[in-house]
Amino acid sequence: MIRRSLPSLVALALCACAAPSPKPLPAAAPVVPSTPAAPAPAAPAVADATLPAEADLAAARAAFVRETAQRFAIPAAQIEAVLARAQIREPIRKAMARPAEAKPWRDYRPIFIQPARIAGGRAFLDAHRAALQRAEDTYGVPKEIIVAILGVETSYGANQGSWPVVDALYTLAFAYPRSGDPARVAYEDKRQAFFRDELAQLFALGKEEGLDIGTLKGSYAGAMGWGQFMPSSYRQYAVDGDGDGRRDLFNDSDDVIASVANYFARKGQWQRGGAVMVRAQRDAGAADFANPGNAVTLDQTVDALARLGYRPVVPGVPGDAGATLITLDGVDGPEYWIVYNNFRAITTYNISRLYATAVYQLAQAIAGRGDGGA
């Protein structure tokens, strides 16, 4: 996840039997237009000067095979067979280097807060109301938040991505795009290590769930299914929502809904009934609020922000509640928002503050409470 957010590859299955046939879905919401996903090219990637040297790549792959085989008790030959067919995809590297979250809020917002996606969310909520209510009762996460996540991630399952997941993770694990900026080397090393671990987690997921990982398609970052779970999140937070003995995030809407709610409850520490965010009014003469990077540290309180000249447009959250202020570049100038714990919970799905705001505003619109932008 994340997060928040696109040629057929033949590979050996990592388990003794193939994955079971998909379970038919209940009536789904109408297909909603989404941000177009870049098509997966048939040709191999074009050589690039920033790609790792062949000898370095071979050494890194060999170490990966040894470590993954030992870590998850998977025969090294099976891992080698999959990696032998994996390709480094230059379009994936380019897409990772210019994420949508680099846009200002005024350009990012219309991608997701639009009539077709709102209507699709309401239709999805109606079609899956029972499963959504069970998830809300069990995990405390509102139905509209779960629906909005699916709307932002995949237009309610209509666009789950067209990239081979193995290729996406292989590319980012061994050829993560480099900016050439010395100040970013540590960050880029950390990101490459993250994707290398996710590739290892994919092998473990295939073994545990009976999935032929060579057939899986997802986003350019390797996220999968209706909710775009990364392999580690699939392993850790996916749940069997309908009791059929499987955790299927590609085809089973009950599992998808319950898994998104479980993720927020466990990973995000979602507070049942808690606030997400509210528009703030800036007092005349109030000093700029210092919050580099719009960090969601929750190191302020509602009362403390009011003393600094930033007051909630709609009151209701206790004055001692943990909060902070983020500033977004709106159409009419800066927008000030007070955010709370449940906003931070959404950022555990995708760290972007723009993503979390889009999820909240889409959820509000789906629930018929405006769009949260007042």
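**Entry 1: the sheet**

I began with strand 6 (residues 322-330) and strand 7 (residues 333-339), which pair in the antiparallel sense over seven bridges. Strands here are DSSP runs (E, at least two residues), as are helices (H or I, at least four), and both are numbered from the N terminus. Two strands count as paired if DSSP finds at least two bridges between them. On this pair I noted T324, which stands opposite V339 in strand 7.

Before going on, I wrote down the ground rules. The model is predicted, local features need pLDDT of at least 70, side-chain atom pairs count only at pLDDT 80 or more, and totals for chains, interfaces and linings use all residues. Residues are numbered from 1 along each chain as its sequence is written, and side-chain values use heavy atoms, with hydrogens and water left out.

Next I followed strand 7 to strand 3. The two pair in the antiparallel sense over four bridges. V278 stands opposite I338 in strand 7. Strand 3 is also joined to strand 5 by three bridges, and these two run antiparallel. There A280 has P312 in strand 5 as its bridge partner.

Which order do the five strands take in the open sheet? I read it as 4-6-7-3-5, with antiparallel pairing. Strand 4 (300-301) and strand 5 (310-312) are the edge strands, as each pairs on one side only.

**Entry 2: helices on the sheet**

Helix 4 (residues 105-112) lies across strand 6 and strand 7 and runs at about 95° to strand 6. Helix 14 (residues 353-366) packs on the sheet and touches strand 3 (277-282), strand 6 and strand 7. Its direction makes about 95° with that of strand 6. Axes are lines fitted to C-alpha atoms, for helices over the stretch in contact, and angles run from 0 to 180 degrees between N-to-C directions. Contact means heavy atoms within 4.5 Å.

**Entry 3: Q192**

I moved to Q192, which is found in helix 9 (residues 185-209). Is Q192 buried or exposed? Q192 counts as buried because its relative accessibility is 15%; the cut-offs are under 20% for buried and over 50% for exposed, with partly exposed in between (1.4 Å probe, protein chains only). Leaving out residues up to four places away in sequence, Q192 touches L172, A173, F174, A175, Y176 and R178. A polar atom of the Q192 side chain lies 3.1 Å from the backbone nitrogen of Y176.

How values were computed
Polar contact = N/O pair within 3.5 Å; in protein donor to acceptor, adjacent residues only side chain to side chain.
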